[in-house]
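Let's walk through this one together, starting with a sheet and ending with a pair of helices. Have a look at the model first.

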Amino acid sequence: MQSANVLLKKIIRSSVLPFAAQHGMKKDLFPPLSRTLSLSLCLKQDNSCSPSEKLDLDAWKKVMKSGLQEVSETVSECKELSTLAAARELLEMWRLAGRSVPENISEEQLKTFMECPSKSAKKKYLKYLHLKELYKKNDKRKMDEKRESRLAAQEQGLETGKTKNTSFVCLWANSMDRAYNWRVAQSMVFGQPLVFDMSYEKDMSVREVANTVRQIVLSEGSNRRSADPFHIHFCNFKEDSLYHKEFIKYYRDAWGRLLITATDQCYTQLFPKDKLIYLTADSPKVMKTFNHDKIYIIGSMVDKSIKTGVSLAQAKRLGLETAALPLEKYLLWNSGAKNLTLDQMMHILLTLKDTGDWKKALEFVPKRKYCGFVSKPMHELKKSLNLINTLKLGKRQEEVKKQFAKNYSKKLRQK
Amino acid sequence: VQPPEKPLQAEEWNRLKEGFRSPEIFHEVMFNSMVRYNSPIDVAKSLLTHVAQSNGDIAYNLLVKYLALCVQQGQTSEIRDVYDIMKMRFRILESGAYNLLIKGLSNSDQWRIALTLLEEVKKNMIPSRTNYESCIKAAGRHQEMTLAFELYHEMLTKDLVPTLDILQAFFDFSRGMKGAELQKELFGILLYLRENQIYPHKTFMRSIKLWFESIPGGNWRGHLTNIKDSGKCPVCNHQLEDSDLTEEEYSDLREKIIRDVIHGTDTFRKTSPQEFEAFQTFVENRLPFDIVIDGLNVSHIKPRKMQCENLFDAVNFLAKGNARLLVLGRKHMLTNSSNWKRGIMKEMQNKADFFFAENISEDDAFLLYATLQSGKHCKFVTRDFLRDHKACLTDSLTRHLFRKWQRGHQIVFSPSAEGKHITFLVIEKMFLSVFIQQPAFRYDCVVQTTGDTWHIPYKDIFEEKYSYKIPKKWLCIQQK
């Protein structure tokens, strides 16, 4: 019974149904149970009639071949498929083969898929879609679970039927928003400017731009919620650019009401040049303190393909001062690139602005990238490291030293 | 899981399945391990039968796994059956199944089906180069050389890089065959090796040799040999091609270096327009140089020595033959520090021209420019492989030119092992004992011909680890 059902589903899924109906084959398909049932019967007979318990090893072929004759006929008669449909079908086969391919794919995504220049690009894109789908599904499942538990809790609450008596007014989200907006509005008049340089669209792929915008949205959010927000400027921001489109995807209507300054002008036109400092990991200069009179510029760029020196080149071209975060001075760097995401930068700058405490600010560097904070001055640390190594390794000390030297630039050790 | 050794009954499979920790994926896991342990095909069949009887259907991925097992064991009739079933069941197949079918069928007497499958693959995607390999080998095995070459040219037009196995197969299958057309095609393959600077491995080289010697009436003889530094073949006394680029290639390379390496997408990334212009005028006024030295790179040769001493040694050593030197460095070398003594720097500047770039500029790009601008005789000194600069070049042809030029013009110093005990001798002698100088190659290490001779460099080991190493061994073929 079960086998017959599966078979029936299979036939329906392979879209022969309209065709079959057209040709009056409905009779054969409904009910097809009888035939498959008889088939499995005959299989059983096969087994039973061999008393020596000999297996019919090719029995599976019979199963596969029988009952699907109609399908093959329809396949051969089908018209040539459009390229899109063909691609869709190919994806379906890949899914059957167990590759990471999304279950549902939109027309637009399918087009992007077909425009991928190489096989590996196609594979990557599909995997990306697949993972996205998985996350979405998981999120939905969790939401449903939450809703259910909330409903259950409500029912329980109804039973007890009590209202709380407090002397505080319940502060709802929109009144919080109003308070935040008030602060940001204030910062737009009196606050320290912070510039996002939006001139890197040409250096990025579509996905990198999307990631950039997501990071900026996150940083804008944390800025809004901070005690003393920056006045955010989007400079070199072009209308109808990819950035703009992505922003609208995130903010929708709120985009027009956002308390930031977006302009197509360059920061050099808005501010005096000697006040500007371009933050870039490639800078030879290391930032010592956070200066409240300066205007810091962050390049709005996600760089997945390691294009070094792009933002440094921009600063060089405009003749601006540059600075890098003192990551090596405060952190025992482990691995990973020194360039941080935009929201991490925002967190770090906000903390510096509030407290001026590097240690607190650099808590926002991802933990995987460093082993720990440098607690003692570098030369003391080096001394104790050497001592440990001589005790532990004896002769191999020299090697370790070299390794250390490699990780830490000379400038730092001389300090 | 260890697959069973004998076919099992349905109940036995059921028992195994229930004992497995996640029964939903039992079949997949079992098939995977069957492929890994190369189980007898009957075991797999019994599992398929079990699946078919309990589910009424066999999932596509299980069929593919079964197919992989059949291909692994060369079970042609089974492959055929699976193919028929798949064709019946599915309108199109995906690449995994196509790969297996093409591979499996091309090794059988039904190899022509593999060709039709290849056509089918082409409808939806570009076949892989191993797909082509299977088909070409199958055609070659059945003496259909024209067909094989058609496929070969087709894959070249699709920008696929043929595997060395494909190329070798052509020589193997054409052995002893006659025909001017065929000979032309095979010479074409040798020229393909030349153009792409591919070196055959030892067994491939042997196939080439045997083919040459088997040409009826060709009177070709092959010898294995080593080429001396002078570039003369010890067997036939023929002088190999020198490593110089032609005038056209040279100017092309120079232009591309300026365009892609120095300027790239943004001149400010490596230097600045002002600085580059200043460097250009500096170079124009002092041309031509004989040797251009990467000062910072050379100064790190011996880590125990002061950096400016290393550079001093190198400059003194190279200045001996009245060569015009240019040393490239960065501005920080001019500030008196523990590693850079002003006195020594002054002394060096009498012997060579110096250009100091900004501390955040890339001096390597200047090195390339100055050397290329000086002309063909000019060499450069650095231990850097210059891979990142090669990677900046946009087309592969220029990259090949760059590599060829680099082989011919780069001098590499490396500290020798005995150089640790320094006696107080004349400084030049000391330098010689301390450093081994790897000379720039005078001859070009590529497949080359003069019509009645062929010289083919080959790799001794199949997989050469380092791409920058070039083979020392050669196959010399001459026509008597």
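Which residue is the bridge partner of A:L279 in β6(A)? That partner is A:A323. Before going on, some housekeeping: this is a predicted model, where local features need pLDDT of at least 70, side-chain atom pairs count only at pLDDT 80 or more, and totals for chains, interfaces and linings use all residues. Residues are numbered from 1 along each chain as its sequence is written, chains are lettered from A and ligands numbered from 1 in the order in which they are written, and side-chain values use heavy atoms, with hydrogens and water left out.

Back to chain A, where six strands make an open, parallel sheet in the order β3-β2-β1-β5-β4-β6. Strands (E, at least two residues) and helices (H or I, at least four) are DSSP runs numbered from the N terminus, and two strands pair if DSSP finds at least two bridges between them. At the edges sit β3 (261-262) and β6 (321-323) of chain A, each pairing on one side only. Three bridges tie β4 (residues 276-279) of chain A to β6(A), and the two run parallel. Helix α15 (residues 310-318) of chain A lies across β1 (193-197), β4 and β6 of that chain, at about 160 degrees to β4(A); axes are lines fitted to C-alpha atoms, for helices over the stretch in contact (heavy atoms within 4.5 Å), and angles run from 0 to 180 degrees between N-to-C directions.

Over in chain B, α3 (residues 41-55) and α4 (residues 60-73) pack at about 165 degrees, with axes 11 Å apart. α3(B) and α4(B) are therefore roughly antiparallel (angles over 145 degrees).

How values were computed
Parallel < 35°, antiparallel > 145°, perpendicular 65-115°, else oblique.
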